[in-house]
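These are my notebook entries on one structure. I looked up a few places in turn and wrote down what I found.

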Amino acid sequence: MGTLAFSPRIAAETVGAMDVNFSQDKDLASDFLQNFVDANGEAKYMSILQDVANRKIKAIQIDIEDLFDYKDLDEEFVGRVTENTRRYVEIFADAIDELIPEPTEALQDDDHDILMTQRAEEGNENADGTDPRQRMPPEIKRFYEVYIRASAKGQPFTIREVRASNIGQLVKISGIVTRCSDVKPLMKVAVYTCEECGFEIYQEVTARVFMPLFECPSKRCNVNRAKGNLILQLRASKFLKFQEAKLQELSEHVPKGHIPRTMTVHFRGELTRKVSPGDVVELSGIFLPIPYTGFRAMRAGLVADTYLETMSISHFKKKYEDYELKGDEEEQIARLSEDGDIYNKLSRSLAPEIFGHEDIKKALLLLLVGAPHRKLKDGMKIRGDLHICLMGDPGVAKSQLLKHIVNVAPRGVYTTGKGSSGVGLTAAVQKDPVTNEMILEGGALVLADTGICAIDEFDKMDESDRTAIHEVMEQQTVSIAKAGITTSLNARTAVLAAANPAWGRYDLRRTPAENINLPPALLSRFDLLWLILDKADMDNDLEMARHVVYVHQNRESPALGFAPLEASVLRAYISAARKLSPAVPRELEEYIATAYSSIRQEEAKSNSPHSYTTVRTLLSILRISAALARLRFSESVGQSDVDEALRLMQMSKFSLYSDDRQRSGLDAISDIYSILRDEAARSNKMDVSYGQALNRISRMGYTEAQLKECLEEYAALNVWQIHPNTFDIRFIDA
């Protein structure tokens, strides 16, 4: 067999063929941009280019799916674009340079335009054509950025699945952002002027580091043997916004026994500031190698690092503020808001697989909705976020509820008591691996800013770590004074805690204060402290067992009588509700004040009070009422909202009240009678309206059916008389 000798002519021909190929591909790209029409029959990309020319937008996103759909393009071209994306971004940019239309609107000249006009006028005089560095690179003329976006179809890769074979290709990766750098300027084209000949020299920068030019390469300086000194012109150079982030594998993608992997991600131009730590995102971009620099290069030798050059970002869960409801979504939410039973439907759609806990789910729905933050004229802030603590016996699905709420909320952080230290929850001072400066690394409560922080096993936290939460729960900031850093970080988060009572299970022989075993300073900060006792009840236990078995068999919840709303619909509804800021009308002031004072009186009379009532309790009533008004899309709080807020507060200790009644030997009918008797005695009247009676007993956890049974029984005994139409009560005896 003969050997094939390397021929420069063959190499040149090959390169020539490649050049022809790329010029053909440029024509294909140009044809695609001019002639592609979307489903509405409009020239999609030409209208984008017109917006770019009018300086309305800077980013041009080219969808791979559009390339697939375009009739005049073969699949090979699409394959070449996905295999060699970085080169094709440049090819599309060159095609756009030629196609960009004239602006149709009057524009104000900025620095870039003035410089370009000046260069165009002086270009012919200055350039002597010998040095390519004197030619103006196309990059400096561009005031837009080109991105090629991967197809939305198909599953994204996990970080482990991106291999060496994907280098240079367009890949789609999902993960959670763990760290973001500040946005810094990245030099794209360096512009120098020569002190001797006055020529403008251009240097394109393609890597993270570059060697600046020091001697003028122009013909005039060479002929005169004058080593002209070059001065870097920062105003004339081109910079891009640049941000670096770390993307970590999602926990469900990590194989057993492994730890999550991370990948460096680069954002440029208009893609910066789109993500923040804690966001779960899907990124499409070009997987590229990057050589180590500085001392790390000496240690690394031939090994290179890899990174993802991002082309598009999509969030799995949008923030409430970022929701833009489309036509059909708006209609659906309008339909839901008109539904009289929407409060129950939304709450029952939360974790439908978990049996019962209707009122707890209502409270968790209100936690997601929240109340508006109030800022007073003198700068004082009153928080609007609700804090809820679920305290109960083992096996009442507390942790499952926490996990579900974190999944539903757009921004949720889940942590456990023993696994969290004080600095892990608030903020830690660390050394930046790049700059060696001391920096603040936000903890769980800071990451959950404007979201929900779920803390499981709250009772097992060390006391010293638990004190870190006090400030966050009321002032909603984290103050730091460590290692020369004195600052205050925002932590506008709603805390959802789950805990067991002091001895693992609730001990009915001890007082509630002994069982709860949390400091009063912390308890008063929770708007609702929910006590869930696991009691033996034949009917209830049978029903729950059937529910659990059904869920195991069918992997879904039994029929609720309506289709439970999906998490995305819930988020859309809540985002619409959160835009409202309901106010308390003047006529309700006295009603709320009376309700609060009566709660205080009841607590003062009791030997072993079930709750710890402070002025914060009054604020809690206002917050819960405002959240209920938001759910109704109302601009003002109604009396029904206040009654429901008081009912939820009463129901949170319902399991204790029912136990007290059992101990005192009262049945439900007798208890309702004594409640109504007390109501009449307190108001010094012989009449009690039916609405007032129903409101009072529902707060104590009784139903309307029980009230009617009580009315009939005692009316038969001639204790009171009932109005035949309104069912109002009038006591007969004095």
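**Entry 1**

The model is predicted, so I kept its limits in mind: local features need pLDDT of at least 70, side-chain atom pairs count only at pLDDT 80 or more, and totals for chains, interfaces and linings use all residues. Residues are numbered from 1 along each chain as its sequence is written, and side-chain values use heavy atoms, with hydrogens and water left out.

Which side chain does D63 meet in a salt bridge? The partner is K44, at 3.2 Å from N to O; a salt bridge is a side-chain nitrogen of Lys or Arg within 4 Å of a carboxyl oxygen of Asp or Glu. The two lie 19 residues apart and link distant parts of the chain, with K44 in helix α2 and D63 in strand β1 (residues 59-63). Helices (H or I, at least four residues) and strands (E, at least two) are DSSP runs, numbered from the N terminus. I put K44 down as partly exposed because its relative accessibility is 22%.

I then listed the buried residues of α2 (residues 44-53): Y45, I48, L49, V52 and A53. They sit on the same side of α2, because they cover an arc of only 140 degrees around the axis. The arc is that of the directions from the helix axis to the C-beta atoms. An α-helix has 3.6 residues a turn, so residues three or four places apart point the same way. Just after α2, I noted a positive phi of about 60 degrees at R55.

Helix α4 (residues 75-83) has F77, V78 and V81 as its buried residues. Their arc is only 100 degrees around the axis, which puts them on the same side of α4. What does the face turned away from the buried side of α4 carry? I found the exposed residues E75 and E76 there.

How many salt bridges does the structure hold? I recorded 24. One of them joins the side chains of K172 and E282 at 4.0 Å, N to O. K172 lies in strand β3 (residues 170-180) and E282 in strand β9 (residues 280-291), 110 residues apart. Both are buried.

I also looked up E309 and R268, whose side chains meet in a salt bridge of 2.9 Å, N to O. E309 belongs to strand β10 (residues 304-315) and R268 to strand β8 (residues 262-268), 41 residues apart. E309 and R268 are both buried. Elsewhere, salt bridges that share partners join E90, D94, D97, E139, R142 and K238 into one network.

**Entry 1: surface patches**

Patches are made of residues with over 30% relative accessible area and no salt bridge: like charges are joined within 9 Å, nonpolar side chains (Val, Leu, Ile, Met, Phe, Trp, Tyr) within 5 Å. Accessible areas come from the Shrake-Rupley method with a 1.4 Å probe.

L232, L234 and F239 make a nonpolar surface patch of about 260 Å². L234 is in the loop between β6 (230-232) and β7 (238-248), and it counts as exposed because its relative accessibility is 53%.

A patch of negative charge on the surface gathers D534, D537, D539, D541 and E543. I found D534 in the loop between β21 (528-532) and α19 (538-554). D534 counts as partly exposed, because its relative accessibility is 36%.

Definitions and conventions:
Lys and Arg count as positive and Asp and Glu as negative; His and the chain ends are not counted. The place of a charge is taken as NZ of Lys, CZ of Arg, CG of Asp or CD of Glu. Buried means under 20% relative accessible area, exposed over 50%, partly exposed in between (1.4 Å probe, protein chains only).
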